[in-house]
Amino acid sequence: MQDVLRDLADPANGFAHLSYIFLIAAMLMTSLRWLRVLALASGIAAMAHFTFRTQDNASLVWETAFVLANGVQLVLLQYRSRRRGLTPEEDELLHSILKIEDRADQRRVLALLEWREFAPGDVLMEEGEWHPPLIYLASGAASIELEGKIISSCGAGDFVGEISYIGERRASATVRVSNAMRAAQFDHEGLAALAVNEPAIAKAIDGALNRSLAAKLVRMNLAAKQGTDQLDPVQIGG
């Protein structure tokens, strides 16, 4: 046991530890892209270990093959994504926000989106509104108002209307555009039906909405400490 602990604490084994950390993290990923990226990082760390620590040429050859295979697959994944004709906004929403890699699932989600432009002053939803829309903000910023008072803000990468989508029927706050915005409005009923039939999509949507809500709570806490009159919707919403 002492030998094991000594090896674990040995700084010379740092690349080996890093390799396994990256590999374990890769196995926890639901995004194929991130799985490939972390597997690639794991292989590179292992190559460094076999090069500088053990001088194990046989293992180095196999790790090199592992890195090349993951590198090729990562390039192909990016190439296929571009060939599908996704706009940068769609690519960001599907891969970075929703983390959906399956092409068929991506097409199903895109079919439920309507991209729209909004000007400063436009109201995305009113406090107390029944069945408010679920909207993804690709650019711009908006203020979140409760009883006429700005309590927070949101911007690129955020959703609005997620609380109503998850369970509530009424909008919990008013969302007013503060900077020119481009956003995607979801087909509420279509998305709910799709989530019932496609568990993977439901998990992706729920995860994205929960992350958006968590980010808003952080901003609301910041607003409570600093005072909403000091908040810049562009800076906080981004």
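**Notes on surface, core and side-chain pairs**

1. Leu 23 counts as partly exposed because its relative accessibility is 30%, where buried means under 20% relative accessible area, exposed means over 50%, and partly exposed is in between, with a 1.4 Å probe and protein chains only. Leu 23 has its place in helix H2; helices (H or I, at least four residues) and strands (E, at least two) are DSSP runs, numbered from the N terminus.

2. Before going further, please keep in mind that this is a predicted model, in which local features need pLDDT of at least 70 and side-chain atom pairs count only at pLDDT 80 or more, while totals for chains, interfaces and linings use all residues. Residues are numbered from 1 along each chain as its sequence is written, and side-chain values use heavy atoms, with hydrogens and water left out.

3. A nonpolar surface patch of about 850 Å² is made by Tyr 20, Leu 23, Ile 24, Met 27, Leu 28, Met 29, Trp 34 and Phe 66. Helix H2 (residues 14-28) gives the largest share of this patch, five residues. Patches are made of residues with over 30% relative accessible area and no salt bridge, like charges being joined within 9 Å and nonpolar side chains (Val, Leu, Ile, Met, Phe, Trp, Tyr) within 5 Å; the accessible areas come from the Shrake-Rupley method with a 1.4 Å probe, and for residues only the protein chains shown count as cover.

4. The largest nonpolar core has 24 residues, of which Leu 98, Val 109, Phe 159 and Phe 186 touch the most other members. The elements that give two or more residues to this core are helix H5 (88-97), strand S6 (174-186), helix H8 (188-197) and helix H9 (199-226), and the largest share, six residues, comes from H9. A nonpolar core is here a set of buried Ala, Val, Leu, Ile, Met, Phe, Trp, Tyr and Cys residues joined through side-chain atoms within 4.5 Å.

5. Which residues does Val 109 touch, not counting those up to four places away in sequence? They are Leu 94, Leu 98, Ile 100, Phe 186, Leu 194 and Ile 201, contact being heavy atoms within 4.5 Å. A second, separate core has 16 residues, among them Phe 118, Met 125, Val 175 and Val 177.

6. Three aromatic pairs are found in a search of the whole structure. The rings of Trp 115 and Tyr 136 form an edge-to-face pair, because their centres are 6.5 Å apart and their planes stand at 85 degrees; rings of Phe, Tyr and Trp (its six-membered ring) pair if their centres lie within 6.5 Å, and planes under 30 degrees apart count as stacked, over 60 as edge-to-face and the rest as tilted. This pair links distant parts of the chain, with Trp 115 in strand S1 (residues 113-118) and Tyr 136 in strand S3 (residues 135-146), 21 residues apart. Tyr 136 counts as buried, at 2% relative accessibility.

7. Phe 159 and Phe 186 make a tilted pair, since their ring centres are 6.2 Å apart and their planes are at 35 degrees. Phe 159 lies in strand S5 (residues 159-160) and Phe 186 in strand S6, so the pair ties together parts that are 27 residues apart in sequence. Phe 159 is buried, with a relative accessible area of 1%, and Phe 186 also counts as buried, at 5% relative accessibility. Trp 115, Tyr 136, Phe 159 and Phe 186 form one aromatic cluster.

8. The whole structure holds six salt bridges, each being a side-chain nitrogen of Lys or Arg within 4 Å of a carboxyl oxygen of Asp or Glu. In one of them the side chains of Glu 89 and Arg 182 meet at 2.7 Å, N to O. This pair links distant parts of the chain, Glu 89 being in helix H5 and Arg 182 in strand S6, 93 residues apart.

9. Asp 105 forms a salt bridge with Arg 108, with the closest N and O atoms 2.7 Å apart; both residues lie in helix H6 (residues 103-110), three residues apart, about one turn of the helix. Is Asp 105 buried or exposed? Asp 105 counts as buried, at 10% relative accessibility, whereas Arg 108 counts as partly exposed, at 34%.
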